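Colleague: I am new to this structure and would be grateful for a guided reading. Please take my questions in order.

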Amino acid sequence: QVHLVESGGGLVQAGASLRLSCAASGRTFSSYAMGWFRQAPGKEREREFVAAISWSGGSTYYADSVKGRFTISRDNGKKTVYLEMNSLKPEDTAVYYCAAGDIATMGLDLTIRYAYDYWGQGTQVTVSS
């Protein structure tokens, strides 16, 4: 079992930066690939892939919309995954969710929402123009 708690969201102006954190409980954090997804206002049925990172941190994946602006990283010793968001745009406004997927069962595609086993409660990011 993994319990995830996101933090670091807030209200910022376009062009600003934020760093989201996701703290995990449980003893086997390094057995999980981690991902960030987001759900924009009015799109409750659409949880969009943002970024993902392999269990070791050696591989990272990004949605085209955030590539070059966002960076995902993890610290297995601290059981925490981060999402550094730079050059924020109003279209980045969403609730951001952290997710954990068991590497033994989730398959090779870390961009798929349904590959993940555990989810945090989300943190709101609002970018004003």
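This is a predicted model: local features need pLDDT of at least 70, side-chain atom pairs count only at pLDDT 80 or more; totals for chains, interfaces and linings use all residues.

Modeller: Residues are numbered from 1 along each chain as its sequence is written, and side-chain values use heavy atoms, with hydrogens and water left out.

Colleague: How many helices and strands does the secondary structure of the chain come to?

Modeller: Helices (H or I, at least four residues) and strands (E, at least two) are taken as DSSP runs, numbered from the N terminus. Read from the N terminus on, the elements run β-β-β-β-β-β-β-β-β-β-β. The totals are therefore 0 helices and 11 strands.

Colleague: What radius of gyration does the chain have?

Modeller: The C-alpha trace spans about 40 × 30 × 25 Å along its principal axes. The radius of gyration is taken over C-alpha atoms, and the globule rule is 2.2 Å times the number of residues to the power 0.38. For 129 residues, a compact globule would have a radius near 14 Å, and the chain agrees with its own value of 14 Å.

Colleague: Which residues touch the most other members of the largest nonpolar core?

Modeller: A nonpolar core is a set of buried Ala, Val, Leu, Ile, Met, Phe, Trp, Tyr and Cys residues joined through side-chain atoms within 4.5 Å; buried means under 20% relative accessible area, exposed over 50%, and partly exposed in between (1.4 Å probe, protein chains only). In soluble globular proteins, nonpolar side chains tend to be buried together. Of the 37 residues in this core, those that touch the most other members are Met34, Trp36, Leu83, Met85 and Tyr96. The elements giving two or more residues to this core include strand 3, strand 4 (32-39) and strand 9.

Colleague: Which residues form the disulfide?

Modeller: A disulfide is a pair of cysteine sulfur atoms within 2.5 Å, and the structure holds 1. The sulfur atoms are 2.1 Å apart, and the link is left-handed, with -80 degrees about the S-S bond. The pair joins distant parts of the chain, 76 residues apart, from strand 3 (residues 18-24) to strand 9 (residues 94-102).

Colleague: Which residues do salt bridges that share partners join into one network?

Modeller: A salt bridge is a side-chain nitrogen of Lys or Arg within 4 Å of a carboxyl oxygen of Asp or Glu. Asp92 meets Arg38 at 2.9 Å, N to O, and Arg69 meets Asp92 at 2.8 Å, N to O. Both Arg69 and Asp92 are buried, and Arg38 counts as buried at 6% relative accessibility. The network consists of Arg38, Glu48, Arg69 and Asp92.

Colleague: Which backbone nitrogen does the side chain of Thr123 reach?

Modeller: Thr123 lies in strand 11 (residues 123-128) and is buried, with a relative accessible area of 11%. Leaving aside neighbours within four places in sequence, Thr123 is in contact (heavy atoms within 4.5 Å) with residues including Glu6, Gly9 and Tyr96. At 3.2 Å, the side chain of Thr123 reaches the backbone nitrogen of Gly9.

Definitions and conventions:
A polar contact is a pair of N or O atoms within 3.5 Å; within protein, one must be able to donate a hydrogen and the other to accept it, and residues adjacent in sequence count only if both atoms are side-chain atoms.
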